[in-house]
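Please open the model in your viewer and keep the selection tool at hand. The tour moves from the whole chain to single residues.

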Amino acid sequence: MTTQSAVPSPMEARLAGYWQELLGVDAVRPEDHFLEVGGNSLLATMLANRIEDDLGLQVGMVDLFNTLSAVAAVCERLQSESQATG
């Protein structure tokens, strides 16, 4: 059992949907790593574009090569920063 909450955050749930669609997998868990579930640089570029189009967030490529929970944390941080400044 992981130490993380069993219920994903709204950001994790949204990103999980993106990952499932792009990677062609049925499910992803917060601890799943993008590269380990079939991701590559082309798919990461597509994911970055999707995040920017849907959420208005510019996530660096290096941040996408991580676990779902880590990518969600980056997106949540960027979203908070954006709301604080705008």
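Predicted model: local features only at pLDDT ≥ 70, side-chain atom pairs only at ≥ 80, totals over all residues.

How many helices and how many strands does the protein have? The protein has 4 helices and 0 strands, where helices (H or I, at least four residues) and strands (E, at least two) are DSSP runs numbered from the N terminus. Read from the N terminus on, the elements run α-α-α-α.

Residues are numbered from 1 along each chain as its sequence is written, and side-chain values use heavy atoms, with hydrogens and water left out.

**The whole chain**

Select all residues. The C-alpha atoms fill a box of roughly 35 × 30 × 20 Å along the principal axes. Because a compact globule of 86 residues would have a radius of gyration near 12 Å, the 12 Å of the protein agrees with that expectation. This radius is taken over C-alpha atoms, and the globule rule is 2.2 Å times the number of residues to the power 0.38.

Of the 86 residues, 35% count as buried. Buried means under 20% relative accessible area, exposed means over 50%, and partly exposed is in between (1.4 Å probe, protein chains only). A contact means heavy atoms within 4.5 Å; among contacts between residues at least 6 apart in sequence, 53% join residues at least 24 apart.

**Helix 4**

Next, select residues 68–85, which form helix 4. Its 18 residues should span 26 Å at 1.5 Å a residue, and the end C-alpha atoms are 26 Å apart, which agrees. The expected span is 1.5 Å times one less than the number of residues.

Which residues of helix 4 are buried? They are L68, S69, V71, A72, V74, C75 and L78.

**Helix 1**

Move to Y18, found in helix 1. Is Y18 buried or exposed? Y18 counts as buried because its relative accessibility is 4%. Display its neighbours: leaving aside residues up to four places away in sequence, Y18 touches L47, R50, I51, D54 and L55. For a distance check, pick Y18 and M46, which are 28 residues apart in sequence and 9.7 Å apart in space, C-alpha to C-alpha.

Select E12, also a residue that lies in helix 1. E12 is buried, with a relative accessible area of 10%.

A13 counts as partly exposed because its relative accessibility is 42%. Pick A13 and G39: the two are 26 residues apart in sequence and 18 Å apart in space, C-alpha to C-alpha.

**The loop between helix 1 and helix 2**

Finally, select A27, which lies in the loop between helix 1 and helix 2. A27 is exposed, with a relative accessible area of 56%. Not counting residues up to four places away in sequence, A27 touches Q20 and D32. The C-alpha atoms of A27 and Q79 are 25 Å apart in space, and the two residues are 52 apart in sequence.
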